[in-house]
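Please look over the sequence and the structure below. A short report follows, arranged by topic.

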Amino acid sequence: MNDHIYDPLKLQNQLCFPLYVCAKETIRLYKPFLDELNLTYTQYITMLVLWEHGCVSVKELGEHLFLDSGTLTPLLKKLESRGLINRCRCKHDERSLIVTLTEEGKALRERALDVPRQMASCVNLSPEETHTLYQLLYKLLEASKAAE
């Protein structure tokens, strides 16, 4: 019997598996640093977009983070209840919800400055390897966007 026909079904031959485990482990490594900021990983990446852009619609936020509004709504409610963001309807289009940082949300940016450096010390890759991995992962993301 030719068992080699089942090789594509071996866990070790699945691209998705190491990506999944690495993503899960990377988020686990972030946890102690984000706990100091009282943020979950998803809240942190949301704040990253807001720190970069200042003011975005929920739709734009979802596009940046590859998240749908069903995932974003409870997350944004939590950030708003903590006083880090404000949500309000767009004056030009009532259907659009705009997210902005509060002063407290802006101030949290300063406390978050060390997180990337702390994470870099946890990853056992050279700067060149990190850059290559980054490029490959974004190539995969672009391919997934194109396939939609």
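Where does Thr 102 lie? Thr 102 sits in the loop between strand E3 (97-101) and H5. Helices (H or I, at least four residues) and strands (E, at least two) are DSSP runs, numbered from the N terminus.

## Model and confidence

This is a predicted model, in which local features need pLDDT of at least 70, side-chain atom pairs count only at pLDDT 80 or more, and totals for chains, interfaces and linings use all residues. Residues are numbered from 1 along each chain as its sequence is written, and side-chain values use heavy atoms, with hydrogens and water left out.

pLDDT is the predictor's confidence in each residue, from 0 to 100. The protein averages a pLDDT of 93. In all, 99% of the residues score at least 70. Confidence is highest in helix H2 (residues 41-53), at a mean of 98. It is lowest in helix H7 (residues 127-147), at 91.

Thr 102 is buried, with a relative accessible area of 13%. Buried means under 20% relative accessible area, exposed over 50%, and partly exposed in between (1.4 Å probe, protein chains only). Not counting residues up to four places away in sequence, Thr 102 touches Gly 83, Leu 84, Ile 85 and Asn 86. Contact means heavy atoms within 4.5 Å.

Glu 104 belongs to helix H5 (residues 103-112). Its relative accessible area is 46%, so Glu 104 is partly exposed. Leaving aside neighbours within four places in sequence, Glu 104 contacts Arg 82, Gly 83 and Leu 84. Cys 55 is 49 residues from Glu 104 along the chain, and their C-alpha atoms are separated by 15 Å.

## Strand pairing

Two strands pair if DSSP finds at least two bridges between them. Strand E1 (residues 55-57) pairs with E3 in the antiparallel sense, over 3 bridges. Here Ser 57 stands opposite Ile 98 in E3.

Strand E2 (residues 85-89) also pairs with E3 in the antiparallel sense, over 5 bridges. Asn 86 stands opposite Thr 100 in E3.

## Helix H1

Helix H1 (residues 16-35) has 20 residues. The expected span of a helix is 1.5 Å times one less than its number of residues. For H1 that gives 28 Å, and its end C-alpha atoms are 28 Å apart, which agrees.

H1 bends by about 25 degrees at Leu 29. The bend at a residue is the angle between axes fitted to the seven residues ending there and the seven starting there. A proline, Pro 32, follows within four residues. Tyr 30, Phe 33 and Leu 34 are buried in H1. The cover over the buried residues of H1 includes H2 and helix H6 (115-120).

## Cysteines

How many disulfides does the structure hold? It holds 0. Cys 88 is in no disulfide, and the nearest cysteine sulfur, that of Cys 55, is 7.3 Å away. A disulfide is a pair of cysteine sulfur atoms within 2.5 Å. At 39% relative accessibility, Cys 88 counts as partly exposed.

Cys 122 is in no disulfide either. The nearest cysteine sulfur to Cys 122 is that of Cys 22, 14 Å away. Cys 122 is partly exposed, at 34% relative accessibility.

## Positive phi

Most residues other than glycine have a negative phi. Asn 38 has a positive phi of about 60 degrees, although it is not a glycine. Asn 38 is found in the loop between H1 and H2.

Phe 66 also has a positive phi, near 60 degrees. Phe 66 is in the loop between helix H3 (58-65) and helix H4 (69-81). Its relative accessible area is 42%, so Phe 66 is partly exposed.
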